[in-house]
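The following exercises concern the architecture and packing of one protein chain. Please study the sequence and the model before reading each solution.

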Amino acid sequence: MYNIEHHVYFAVFGYDTDALAITLQAGIEADDIWVKGESYSTALPEAVRTDNRWILSSGLDRDASHSDHFEKLLFKLQRLSDALPTLRETYRCGIGVSQYFFMDDPSFYLRPDIIERYQQLGFTISFDQLAIDS
């Protein structure tokens, strides 16, 4: 048996304005907002966030497949497709993926229709997968 955790999200980051301005421009509430200088956790208060981020996540459980995460995020992004060009012109934006796996040979595959639908929204999809040897 193996264990994999996924996080897939769209983020606007490194901005110096109030996050509410991004919410109003996007026309959708963020799932999470990071504030530069705020602590990641009470367990390690000296570890602080290095930039502001407005995050729209897939909203799925970490154990859901990466394909399901991408598809769910795609539905959310399609809701703000009219705002995406302006958001990209005004801010640094992108899709982030975190995949934590505990096995010898993890595979990562997205159906061509999902990639095409992201491309229709103006996203270029490419992946680099790094592994740390034990």
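The model is predicted; local features need pLDDT of at least 70, side-chain atom pairs count only at pLDDT 80 or more, and totals for chains, interfaces and linings use all residues. Residues are numbered from 1 along each chain as its sequence is written, and side-chain values use heavy atoms, with hydrogens and water left out.

**Exercise 1. Overall architecture**

Solution. 
- Step 1. Helices (H or I, at least four residues) and strands (E, at least two) are taken as DSSP runs, numbered from the N terminus.
- Step 2. Burial is read from relative accessible area: under 20% is buried, over 50% exposed, and in between partly exposed (1.4 Å probe, protein chains only).
- Step 3. A contact requires heavy atoms within 4.5 Å. Among contacts between residues at least 6 apart in sequence, 69% join residues at least 24 apart.

**Exercise 2. The largest nonpolar core**

Identify the residues with the most contacts inside the largest nonpolar core, and state which element gives the most to this core.

Solution. 
- Step 1. A nonpolar core is a set of buried Ala, Val, Leu, Ile, Met, Phe, Trp, Tyr and Cys residues joined through side-chain atoms within 4.5 Å.
- Step 2. The largest such core has 26 residues, and those with the most contacts inside it are Phe-10, Trp-54, Leu-56, Leu-77, Leu-80, Tyr-118 and Phe-123.
- Step 3. At least two core residues come from each of strand E1 (3-13), helix H1 (19-26), strand E3 (53-57), helix H2 (66-79), helix H3 (84-90) and helix H4 (112-120). With four residues, H2 gives the most.
- Step 4. Leu-77 illustrates the packing: leaving aside neighbours within four places in sequence, Leu-77 is in contact with Phe-10, Leu-56, Leu-84, Ile-95, Tyr-118, Leu-121 and Phe-123.

**Exercise 3. Helix H2**

Solution. 
- Step 1. Not counting residues up to four places away in sequence, Ser-67 touches Tyr-109, Leu-110, Arg-111 and Ile-114.
- Step 2. Leaving aside neighbours within four places in sequence, Gln-78 is in contact with Arg-117 and Leu-121.

**Exercise 4. Aromatic rings**

Describe the geometry of the pair formed by Phe-10 and Phe-123, and state which parts of the chain this pair ties together.

Solution. 
- Step 1. Rings of Phe, Tyr and Trp (its six-membered ring) pair if their centres lie within 6.5 Å; planes under 30 degrees apart count as stacked, over 60 as edge-to-face and the rest as tilted. The structure holds five such pairs.
- Step 2. Phe-10 and Phe-123 are edge-to-face, at 6.0 Å centre to centre and 80° between the planes. Phe-10 lies in strand E1 and Phe-123 in the segment after H4, so the pair ties together parts that are 113 residues apart in sequence. Both residues are buried.
- Step 3. Ring pairs link Phe-10, Phe-70, Tyr-118 and Phe-123 into a cluster.
- Step 4. A charge sits over a ring if NZ of Lys or CZ of Arg is within 6 Å of the ring centre and within 35 degrees of the ring normal. The charged end of Arg-88 sits over the ring of Phe-123, 4.3 Å from its centre, and that of Arg-49 sits over the ring of Trp-34, 3.9 Å from its centre.

**Exercise 5. Leu-121**

Locate Leu-121 and list its contacts.

Solution. 
- Step 1. Leu-121 lies in the segment after H4 and is buried, with a relative accessible area of 15%.
- Step 2. Leaving aside neighbours within four places in sequence, Leu-121 is in contact with Leu-74, Leu-77, Gln-78, Ser-81, Leu-84 and Arg-88.
- Step 3. The C-alpha atoms of Leu-121 and Ser-81, 40 residues apart along the chain, are separated by 6.5 Å.
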